[in-house]
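Colleague: Before I use this model, I would like to go through the terms attached to it. Please set each label against its definition.

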Amino acid sequence: EEDEEVRILLVVNEGPPVKVEKVTFTWEGGDDVGEKERSAVQELSSLGSGQTFEIPRLNDSVGSMRLSLLQRGFATAQVIPSVDVIEGALRADVTYTVRPGPRATLGKIVVDGLDGVPTYLVEREVRFAIGQRYSPALVSQVEAALNGMRVFRWVAAQPQATLDADGQMELRVRVSEAEPQSVRLGAALQFEAARWEELAVAQYTHTNLFGHLTRLDLG
């Protein structure tokens with residue numbers, strides 16, 4: 001009362017933990033998913049019979065299973081969890097509904113944000129990925145190939161959510177072109193057995209001379 005403060009006491013009753021009674025996997029579609037692949041995906045669930053049920057472990061399991069399907073080429077894969085908790089028995093039944101969808105291949109790569117960099121030269125750098133089976137690693141390779149051109153500040157690739165009738169998907173890449181011209185100034189020292197030199201250093205670089213990605217370095 002003297003300091004006009006209020007002390008609040010929170011009493012938490014956690015109660016006994018809920019144990020996982022049963023884990024069920026329901027596959028919808030995905031006829032081309034082999035038994036070994038299904039087993040490998042299902043083994044990624046960190047919830048098992050007799051374990052304590054925890055929401056974070058359920059979410060981690062869903063993410064790991066979906067990522068495994070993406071790496072196998074199922075670009076539109078879904079893993080939907082559901083939990084039936086029986087409070088009186090302190091047990092929970094966990095069900096994963098797995099919808100892998102069809103395997104996807106990259107059919108088209110669209111690059112947005114090009115201005116001074118020629119489109120045909122950019123397409124040549126990512127041509128290797130067209131027709132290959134989709135995977136997050138392949139998307140990273142496309143981003144690395146464009147970053148390796150050294151003409152973009154950043155590159156962000158985003159697969160599209162829909163597939164065409166042939167199971168091909170479009171990869172849309174957003175880029176931000178870097179300033180093609182740069183100048184660096186500095187100082188340097190050179191030492192030899194009998195002397196040393198002081199140097200002023202200037203370096204001019206143009207990464208897109210004449211708009212054809214011709215690189216010019218002057219020192």
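Modeller: Helices and strands here are DSSP runs, at least four residues of H or I for a helix and at least two of E for a strand, numbered from the N terminus. The model is predicted. Strand S8 covers 196-209 and strand S9 covers 214-218, and Leu 213 lies in the loop between them.

Colleague: Why does Leu 213 count as partly exposed?

Modeller: Buried means under 20% relative accessible area and exposed means over 50%. Leu 213 has 23% relative accessibility, so it counts as partly exposed.

Colleague: What is the phi of Leu 213?

Modeller: Phi of Leu 213 is near 60°, a positive value in a residue other than glycine. Leu 90 also has a positive phi, of about 55°, and is not a glycine.

Colleague: Where is the place of Leu 90?

Modeller: Leu 90 sits in the loop between S2 and S3. These two strands form a hairpin with four residues between them. At a relative accessible area of 31%, Leu 90 falls between the 20% and 50% cut-offs and is therefore partly exposed.

Colleague: What makes S2 and S3 a pair of strands?

Modeller: Pairing needs at least two DSSP bridges. Strand S2 (residues 78-86) and strand S3 (residues 91-99) are joined by nine bridges, so they pair. The two strands run antiparallel, and Val 83 stands opposite Val 94 in S3.

Colleague: How do you know that Asp 32 forms a salt bridge with Arg 103?

Modeller: The cut-off is a side-chain nitrogen of Lys or Arg within 4 Å of a carboxyl oxygen of Asp or Glu. For Asp 32 and Arg 103 the closest N and O atoms are 3.4 Å apart, so the pair qualifies. Asp 32 is in the loop between S1 and helix H1 (35-42), and Arg 103 is in the loop between S3 and strand S4 (105-112), 71 residues apart. With a relative accessible area of 41%, Asp 32 is partly exposed.

Colleague: Which side chains meet in a salt bridge with that of Glu 37?

Modeller: Arg 72 is one, with an N to O distance of 3.8 Å. Glu 37 lies in helix H1 and Arg 72 in the loop between helix H2 (55-71) and S2, so this pair ties together parts 35 residues apart in sequence. Arg 72 counts as partly exposed because its relative accessibility is 23%. The other is Arg 103, at 2.8 Å, N to O. That pair ties together parts 66 residues apart in sequence, because Arg 103 lies in the loop between S3 and S4 and Glu 37 in helix H1.

Colleague: Which residues are linked in a network of salt bridges?

Modeller: Asp 32, Glu 37, Arg 72 and Arg 103 are linked in this way. The whole structure holds ten salt bridges.

Colleague: What makes the patch of Glu 2, Asp 3, Glu 4 and Glu 5 one of negative charge?

Modeller: Asp and Glu count as negative, so the surface patch formed by Glu 2, Asp 3, Glu 4 and Glu 5 is one of negative charge. Glu 5 lies in the segment before strand S1 (19-27). Its relative accessible area of 64% is over 50%, so Glu 5 is exposed.

Colleague: Which residues make the nonpolar surface patch?

Modeller: Val 6, Ile 8 and Leu 10 make it, and its area is about 410 Å². Leu 10 also lies in the segment before S1. Leu 10 is exposed because its relative accessible area, 72%, is over 50%.

Notes
Residues are numbered from 1 along each chain as its sequence is written. This is a predicted model: local features need pLDDT of at least 70, side-chain atom pairs count only at pLDDT 80 or more; totals for chains, interfaces and linings use all residues. Side-chain values use heavy atoms; hydrogens and water are left out. Patches are made of residues with over 30% relative accessible area and no salt bridge: like charges are joined within 9 Å, nonpolar side chains (Val, Leu, Ile, Met, Phe, Trp, Tyr) within 5 Å. Accessible areas come from the Shrake-Rupley method with a 1.4 Å probe; for residues, only the protein chains shown count as cover. The place of a charge is taken as NZ of Lys, CZ of Arg, CG of Asp or CD of Glu. Buried means under 20% relative accessible area, exposed over 50%, partly exposed in between (1.4 Å probe, protein chains only).
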